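Student: I have a model open and would like to learn how to read its features one at a time. Could you walk me through it?

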Amino acid sequence: MLVAAKEMLEKAREGKYAVGQFNINNLEWTKSVLLTAQELQSPVILGVSEGAGKYMTGFKTVAAMVEAMMEELNITVPVALHLDHGTYDGCYKCIKAGFSSIMFDGSHYPIEENIEKTRELVKIAHAMGLSLEAEVGSIGGEEDGVVGAGECADPAECKAIADLGIDFLAAGIGNIHGKYPANWQGLNFDVLAKVKDAVGDMPLVLHGGTGIPEDMIKKAISLGVAKINVNTECQTSFADATRAYIEAGKDQQGKGFDPRKLLAPGAEAIKATVKEKMELFGSVGKA
Ligand code: G3H
Ligand code: ZN
């Protein structure tokens, strides 16, 4: 059964580890993430961007696939199905479709509008038993059409959003979606510490989890980060493994056409990436 992400993230914040959110794109992705979480006895969050939801034909299809797969694979670890960088309308659709958690990304609105929309959505999400993530500041780079300037969050604005009763908060601290450029300045831990002071015990979310050095991940967890989002790294692992398999002629020298065989190396590569991240985040054995 799907669960809201509130409890698993509060436990993570207290236990000084983070739960990974891994974005899914299709059946293979979902299966790889779920099987790895079960094998490692780790809680997990399946992230679905609006683009990925559309690709999988709609949020209802996603929710039905995940629920059925969990039942048939006997997944017993806590799993949240979470809308990633949701619009106002997308949040309503996911609540209706059976998601257990939503992110409302109002970071591109003026703060007053972000507050008003978040206030309304947190009320309805909680009434329906879902957890809600909100965002202040912005994540740099681009993910599935969501573009951010990358400005760091204002701690006072973080407090205003946290006071609405949201369950966890994504604050921009110099993190970027996609690969980090060579001249990246690193995470801004001064801002993170100020945000933590402003919002108290609220679990914080670190987006752009691909390519952040291990020491920065650990420091971020020590400063209240309890959820780390990873998307691009699973995609590059999948693409690299698929390409290598075909280029090495392992698909019957270019004559192979069974999709189950062609997709298998990529699915294994996603498992390896998810395992590596769960070990780094410290969520192994915390189910
Ligand atoms: O919302 C999802 C993420 O923040 C993932 O970022 O693609 O850089 O790993 P990433
Ligand atoms: Zn993100």
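Tutor: Let's begin with a pair: helix 6 and helix 7 cross in a right-handed way. Right-handed here is when the near helix is turned clockwise from the far one, and left-handed when it is turned anticlockwise by less than a right angle. The contact involves Ile111, Asn114, Ile115 and Thr118 of helix 6, meeting Glu157, Ala160 and Ile161 of helix 7. Two residues are in contact if their C-beta atoms, placed from the backbone, lie within 7 Å.

Student: What should I know about the model and its numbering?

Tutor: It's a predicted model, where local features need pLDDT of at least 70 and side-chain atom pairs count only at pLDDT 80 or more, while totals for chains, interfaces and linings use all residues. Residues are numbered from 1 along each chain as its sequence is written, and chains are lettered from A and ligands numbered from 1 in the order in which they are written. Helices (H or I, at least four residues) and strands (E, at least two) are DSSP runs, numbered from the N terminus.

Student: At what angle do helix 6 and helix 7 pack?

Tutor: Axes are lines fitted to C-alpha atoms, for helices over the stretch in contact, and angles run from 0 to 180 degrees between N-to-C directions. Helix 6 (residues 111–127) and helix 7 (residues 155–162) pack at about 20 degrees, with axes 10 Å apart. They are therefore roughly parallel to each other; the classes are under 35 degrees for roughly parallel, over 145 for roughly antiparallel, 65 to 115 for roughly perpendicular, and oblique for the rest.

Student: And the strands, in what order do they close into a barrel?

Tutor: Strands of a sheet pair through backbone hydrogen bonds, either parallel or antiparallel. By the rule used here, two strands pair if DSSP finds at least two bridges between them. In this model eight strands close into a barrel in the order 1-2-3-4-5-8-9-10, with parallel pairing. From one strand to the next, the twist averages 25 degrees.

Student: Which strands does strand 5 join?

Tutor: Strand 4 (residues 101–104) runs parallel to strand 5 and is joined to it by four bridges, with Ile102 opposite Leu132. Four bridges also link strand 5 to strand 8 (residues 168–171), again parallel, and there Glu135 stands opposite Ala170.

Student: Which way do the side chains of strand 5 point?

Tutor: In a regular strand the side chains alternate between the two faces of the sheet. Here Ser131, Glu133 and Glu135 point one way, Leu132, Ala134 and Val136 the other, and all are buried. Buried is 20 or more other C-beta atoms within 10 Å of a residue's own, exposed is 12 or fewer, and partly exposed is in between, with C-beta atoms placed from the backbone.

Student: Which residues have a positive phi although they are not glycines?

Tutor: Most residues other than glycine have a negative phi, and most peptide bonds are trans. Lys16, in the loop between helix 1 and strand 1, has a positive phi of about 60 degrees. Asn74, in the loop between helix 4 (59–72) and strand 3, has one of about 55 degrees. Lys16 is partly exposed, with 13 other C-beta atoms within 10 Å, whereas Asn74 counts as exposed, with 7 such neighbours inside 10 Å.

How values were computed:
A crossover is right-handed if, with the strands pointing away from the viewer, the path from the first strand over the helix to the second runs clockwise.
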